[in-house]
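Have the viewer open as you read.

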Amino acid sequence: MKNIKIKLNNVSVGYLTETVIHGLSTEIAEGEFVGLFGPNGAGKTTLLCAINGLAQITEGNLYIDNTEFNIFNENKFRRVMGYVPQRFDIDPKIPILAEEVVSMGRYGKTGLLRFPSTKDKDFITEVCALLEIQYLLKKPFGQLSGGERKRVLIARALVKDPEIMLFDEIFAWLDVKMIDRVIAIIREIQIKKRITTLMVSHDIEIIKTLCARIIWMEDGKIFFDGDRENFLKKLKAKQWN
Amino acid sequence: MELIGFAFFQRALFSALLAGIACGIVGVWIVTMRISFIGVAISHAAFAGALLGLVLGKSVIFFSFLFSFLACAVLGPLSDKGQLHPDTSIGIIFSSTVGLAFLFMGVLPEGKSQALNLLWGSILTITHQDTILLVITVALLIIVSILFFKELQSVIFNREMAKASGISATIFFYLILFLSGMTISTTLKSVGGLLVFALVINPAAAAYQITYSLKKMYLLSTLFGVLSGWGGLFLAAQFNLPAGASIVIVSTVIFIFSVLFSPKRVNNEN
């Protein structure tokens with residue numbers, strides 16, 4: 001029997017007066033790679049943010065490793081969750097280098113009043129080599145292109161050595177060669193370390209390639225939840241209609 | 001230059017050094033996080049509080065602390081939840097704190113000179129107790145900046161992403177606000193309620209134009225803060241000008257030069 005890594009029980013999520021996700025329930029097993037698919041405004045990004053606590057759950061419960069996620073244990077769970085946001089706007093003059101942005105991913109794990117150890121630094125170097133971003137490390141983060149920033153943020157998420165990965169449109173801004181490279185890296189790490197992964201993408205080809213299970217969201221609810229083959233059938237049926 | 005021999009001038013130089021360091025550090029946080037509207041509101045609240053202290057005949061610094069902390073307590077949650085639009089809120093908070101300040105000034109039982117000292121600053125009349133408070137503030141700021149460098153850097157980079165990394169970003173954001181309030185309250189007397197904010201913003205904004213390294217920005221910002229303080233004091237002594245205003249003018253000149261010779265400007269133009 002598979003361990004349940006993430007469980008959402010009748011979860012609603014909203015911002016100010018608007019509810020974006022309505023009573024959503026699902027379970028994601030340890031090591032599963034789930035694609036989140038759906039039109040704009042379906043609530044995919046909000047769902048990722050609800051899982052790492054950046055969006056407030058207004059009703060229902062979220063469980064990680066069978067423990068309810070709340071304000072008292074949120075940092076403990078966030079330290080094992082890698083998150084790459086869809087959009088990331090920043091002042092081009094910000095006095096922070098790309099290597100510092102990557103290292104920040106590990107700061108939560110390093111803990112208060114401690115500085116990254118040699119082991120931490122070695123691991124960071126390893127991840128940077130994997131993503132071929134060594135040549136970017138000494139550059140100011142704000143001066144990088146959209147694709148370069150995305151790769152730095154993916155490295156930032158991976159240096160945590162996460163148990164859960166939350167990817168939001170990570171392939172946007174990347175060129176074709178880099179998309180193939182990142183797909184290969186994610187696949188390798190995900191299989192080797194059994195990282196539970198949720199990935200938002202509009203790209204059906206990428207979803208088909210990477211995700212064994214697909215959750216299709218519409219209007220803040222689950223429209224379809226199933227395997228790759230049934231997803232493609234559903235997609236075809238929807239297009240014909 | 002013969003003024004250097006006088007104890008009051010030496011104390012003023014020491015206070016300018018401390019105020020420059022304190023405002024330089026706080027300025028780094030305020031400039032990089034783009035929360036200058038909060039800083040303006042805190043400095044005016046501190047000024048209003050100091051005047052209430054004068055009206056009540058109680059400790060000026062205590063009431064200045066109290067008001068600046070209250071401003072943090074109101075502005076912090078609004079900003080943290082993203083519900084604060086700077087254009088509107090700054091208008092309301094700025095005008096209400098200035099209104100309160102002038103109200104307290106109006107009901108002051110005795111002469112207005114003490115109130116005017118708080119408005120323009122009087123670094124040459126700084127007391128031993130004021131200097132001790134400044135030393136404590138500077139020590140606290142340096143300790144926090146070093147011990148929590150990586151957490152503050154994460155919060156400066158992006159608060160949401162810092163939270164997602166498992167850092168208590170909200171706690172560090174409030175720490176920044178309260179230390180800003182403390183700095184403004186303790187430097188109020190030397191630089192003045194209307195001018196203290198310029199000493200917070202200008203040196204840090206100048207440093208921001210020059211470097212892409214946060215560590216260097218801390219160093220440059222404090223250096224520019226101290227240079228502004230000392231330069232202003234010598235200008236004031238030489239030409240018989242108000243010290244607080246001279247300090248701010250020097251900091252503005254430093255900022256203008258940093259913009260003119262900014263390597264970042266060249267980068268962005270390319």
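Predicted model: local features only at pLDDT ≥ 70, side-chain atom pairs only at ≥ 80, totals over all residues.

Residues are numbered from 1 along each chain as written, chains are lettered from A, and side-chain values use heavy atoms, without hydrogens and water.

Chain A holds an open sheet of 4 strands in the order β2-β1-β4-β5, with antiparallel pairing (strands are DSSP E runs of at least two residues, helices H or I runs of at least four; pairing takes at least two bridges). Because β2 and β5 of chain A each have a single partner strand, one side of each is left without a neighbour in the sheet.

| Strand | Residues |
|---|---|
| β1(A) | 4–15 |
| β2(A) | 18–29 |
| β4(A) | 57–64 |
| β5(A) | 67–68 |

β1(A) and β4(A) pair over 6 bridges, and A:Leu8 has A:Leu62 in β4(A) as its bridge partner. Helix α1 of chain A (residues 44–51) packs on this sheet, touching β1, β2 and β4 of chain A (contact means heavy atoms within 4.5 Å).

Between the chains, α3(A) meets α7(B): A:Glu100, A:Val101, A:Met104, A:Tyr107 and A:Thr110 touch B:Lys150, B:Gln153, B:Ser154 and B:Phe157.

In chain B, the mean pLDDT (predictor's confidence, from 0 to 100) is 88. Confidence there is lowest in α13(B), at a mean of 68, and highest in α7(B), at 96.

Conventions
Axes fitted to C-alpha atoms, helices over the stretch in contact; angles between N-to-C directions.
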